Amino acid sequence: QVQLVESGGGLEQPGGSLRLSCAASGTISTIYVMGWYRQAPGKQRELVASITGGTTTYVDSVKGRFTISRDNAKNTVYLQMNSLNLEDTAVYYCYADIRTIPLTTTRRGYWGQGTQVTVSS
């Protein structure tokens, strides 16, 4: 019954910025990790960024340009994307690793529906 809802995608020019949001709702005990994947046409889906506690990771191509953050009280993860370039065009998917029932082995992964990011002049 966990649902991930993404927002913030759209069209932006090279050098511009977008901010993606992903809110998790439903029966949630603990969110262990949240992250963003992306998939461009003809390419494999890749992990863009993830956050676990205070630790963040990024794929090399976005380091220094993208920033991932979490609002734990709202079960929401954000991806601030600056200095966008044409290669950032893709469908971006939110991912979360969640335990729903305390003290049980209910931990599993959940996916959002995806949001389109298009960078074009």
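The model is a predicted one. It contains 0 helices and 11 strands, and from the N terminus on the elements run β-β-β-β-β-β-β-β-β-β-β. The radius of gyration of the protein is 14 Å, close to the 14 Å that the globule rule gives for 121 residues, so the protein is as compact as a globular protein of that length. Taken along the principal axes, the C-alpha atoms fill a box of roughly 50 × 25 × 25 Å. Buried residues account for 37% of the 121 residues. Among contacts between residues at least 6 apart in sequence, 57% join residues at least 24 apart.

Strand pairing may be taken up with an open sheet of 4 strands, whose order is β1-β3-β8-β7 and whose pairing is antiparallel. Its edge strands are β1 (3-7) and β7, each of which pairs on one side only. On average, and with direction ignored, neighbouring strands of this sheet are turned by 15 degrees against each other. Within the sheet, strand β7 (residues 66-71) and strand β8 (residues 76-81) are joined over 6 bridges in the antiparallel sense. F66 has M81 as its bridge partner in β8, and I68 stands opposite L79 of that strand. Together β7 and β8 form a hairpin with 4 residues between them, and N75 in the turn has a positive phi of about 50 degrees.

Strand β11 has partners in both senses. Strand β2 (residues 10-12) runs parallel to β11 and is joined to it by 3 bridges, with V117 as the bridge partner of G10. Strand β9 (residues 90-99) runs antiparallel to β11, again with 3 bridges, and here A90 stands opposite V117. In a regular strand the side chains alternate between the two faces of the sheet.

The structure holds 1 disulfide. It is formed by C22 and C94, with their sulfur atoms 2.1 Å apart. C22 lies in strand β3 (residues 18-25) and C94 in strand β9, so the pair ties together parts that are 72 residues apart in sequence. The torsion about the S-S bond of C22 and C94 is about -85 degrees, and the disulfide is therefore left-handed. C22 is buried, with a relative accessible area of 0%, and C94 is likewise buried at 0%.

In soluble globular proteins, nonpolar side chains tend to be buried together. Here the largest nonpolar core has 28 residues, of which M34, W36, F66, V77, L79, M81 and Y92 touch the most other members. Two or more residues each are given to this core by β3, β4 (30-39), β5 (46-52), β7, β8, β9 and β11. The largest share, 5 residues, comes from β9.

How values were computed
Residues numbered from 1 in each chain as written. Predicted model: local features only at pLDDT ≥ 70, side-chain atom pairs only at ≥ 80, totals over all residues. Heavy atoms only, no water. Pairing = 2+ DSSP bridges. Disulfide = S-S within 2.5 Å. Buried < 20%, exposed > 50% of the residue type's maximum accessible area, 1.4 Å probe, protein only. Core = buried A, V, L, I, M, F, W, Y, C linked by side-chain atoms within 4.5 Å. Axes fitted to C-alpha atoms, helices over the stretch in contact; angles between N-to-C directions. Rg over C-alpha atoms; globule rule 2.2 N^0.38 Å. Contact = heavy atoms within 4.5 Å.
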